[in-house]
Amino acid sequence: MKTCSHCNQHLPLDCFYHSRKRNVADTEWVKAGLSANCKQCNAWNHRRRRYNLTVDELKDLEQRTNCDICGFAYERALDQCIDHDHATGTVRGVVCRKCNLGLGHFDDDAARLREAANYIEEER
């Protein structure tokens, strides 16, 4: 068991990534080469830094329970994607994986998305 330095939870060792940094400190977890933060906190911190969000901004986004586009209700945190403008890096909202992939395949081009919607509606 090891305590995460971010969330202060006492967790099994398999909840921590192996660290590339080696330290000669006397504790077993450092000798084993484990990171200071648990996997969940590492992922959380990565998202926060990647999108240049404050702690409160990221918490607000993670509190959303439905996709901003289709309304899909998130069952797990992995279903939730932070949508951002690739040109500016500005976060637009939170969408489900399917909507996120759809936006990506259309290169976030609103005109192409409208044309695709028109195409689908014309074919019905």
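Colleague: How many helices and strands does the secondary structure of the protein chain come to?

Modeller: This is a predicted model, and its elements, read from the N terminus on, follow the order β-β-β-α-β-α-α-β-β-α-α. Counted by type, the secondary structure of the protein chain comes to five helices and six strands.

Colleague: What share of the residues of the protein chain counts as buried?

Modeller: The accessible surface of the chain comes to about 9300 Å², and 50% of that surface belongs to carbon and sulfur atoms. A residue is taken as buried when its relative accessible area is under 20%. Of the 124 residues of the protein chain, the share that counts as buried is 27%.

Colleague: Which element gives the most to the largest nonpolar core?

Modeller: The largest nonpolar core has 13 residues, of which Leu-53, Cys-67 and Ile-82 touch the most other members. At least two residues of this core come from each of α3 (55-62), β5 and β6 (91-96). With three residues, the element that gives the most to this core is β6.

Colleague: Which residues is Cys-67 in contact with, leaving aside its neighbours within four places in sequence?

Modeller: Cys-67 is one of the residues in the largest nonpolar core that touch the most other members, and in general, nonpolar side chains in soluble globular proteins tend to be buried together. Leaving aside neighbours within four places in sequence, Cys-67 is in contact with Phe-72, Tyr-74, Val-94, Val-95, Cys-96 and Cys-99.

Colleague: Is Val-95 buried or exposed?

Modeller: Val-95 lies in strand β6, and among the residues that Val-95 touches beyond four places in sequence are Cys-67, Ile-69, Tyr-74, Cys-81 and Asn-100. The C-alpha atoms of Val-95 and Asn-66 are 7.5 Å apart in space, although these residues are 29 apart in sequence. Because the relative accessible area of Val-95 is 2% and the limit for the buried class is under 20%, Val-95 is buried.

Colleague: Is Asn-52 buried or exposed?

Modeller: Asn-52 is placed in the loop between α2 and α3, and its phi is near 55°, a positive value in a residue other than glycine. Because its relative accessible area is 70% and the exposed class begins over 50%, Asn-52 is exposed.

Colleague: What is the relative accessibility of Asn-8?

Modeller: Asn-8 is found in the loop between β1 (2-3) and β2, and its phi, near 65°, is a positive value in a residue other than glycine. Asn-8 counts as exposed, with a relative accessibility of 59%.

Colleague: How far apart in space are His-10 and Cys-38, C-alpha to C-alpha?

Modeller: His-10 is found in strand β2 (residues 10-11), and beyond its neighbours within four places in sequence it is in contact with Met-1, Lys-2 and Thr-3. His-10 and Cys-38 are 28 residues apart in sequence, and their C-alpha to C-alpha distance in space is 9.6 Å.

Colleague: Which element gives the most to the lining of the largest pocket?

Modeller: The largest pocket has a volume of about 830 Å³, and of the 32 residues that line it, Ala-43, Arg-47, Glu-62, Ala-77 and Gln-80 are the closest to its centre. By class, the lining has 14 nonpolar, nine polar and nine charged residues. At least two lining residues come from each of α2 (39-50), β5 (80-84) and α4 (97-105). With eight residues, the element that gives the most to the lining is α2.

Definitions and conventions. Residues numbered from 1 in each chain as written. Predicted model: local features only at pLDDT ≥ 70, side-chain atom pairs only at ≥ 80, totals over all residues. Heavy atoms only, no water. 1 Å grid on protein atoms, 1.4 Å probe; cavity = no way out; pocket = protein on both sides within 12 Å on 5 of 7 lines; lining within 4 Å. Points joined across faces, edges and corners; volume = space filled by probe spheres on them. Helix = DSSP H or I, 4+ residues; strand = E, 2+ residues; numbered from the N terminus. Nonpolar A, V, L, I, M, F, W, Y, C, P; charged D, E, K, R; others polar. Buried < 20%, exposed > 50% of the residue type's maximum accessible area, 1.4 Å probe, protein only. Areas by Shrake-Rupley, 256 points an atom, 1.4 Å probe, with all protein chains shown as cover. Core = buried A, V, L, I, M, F, W, Y, C linked by side-chain atoms within 4.5 Å. Contact = heavy atoms within 4.5 Å.
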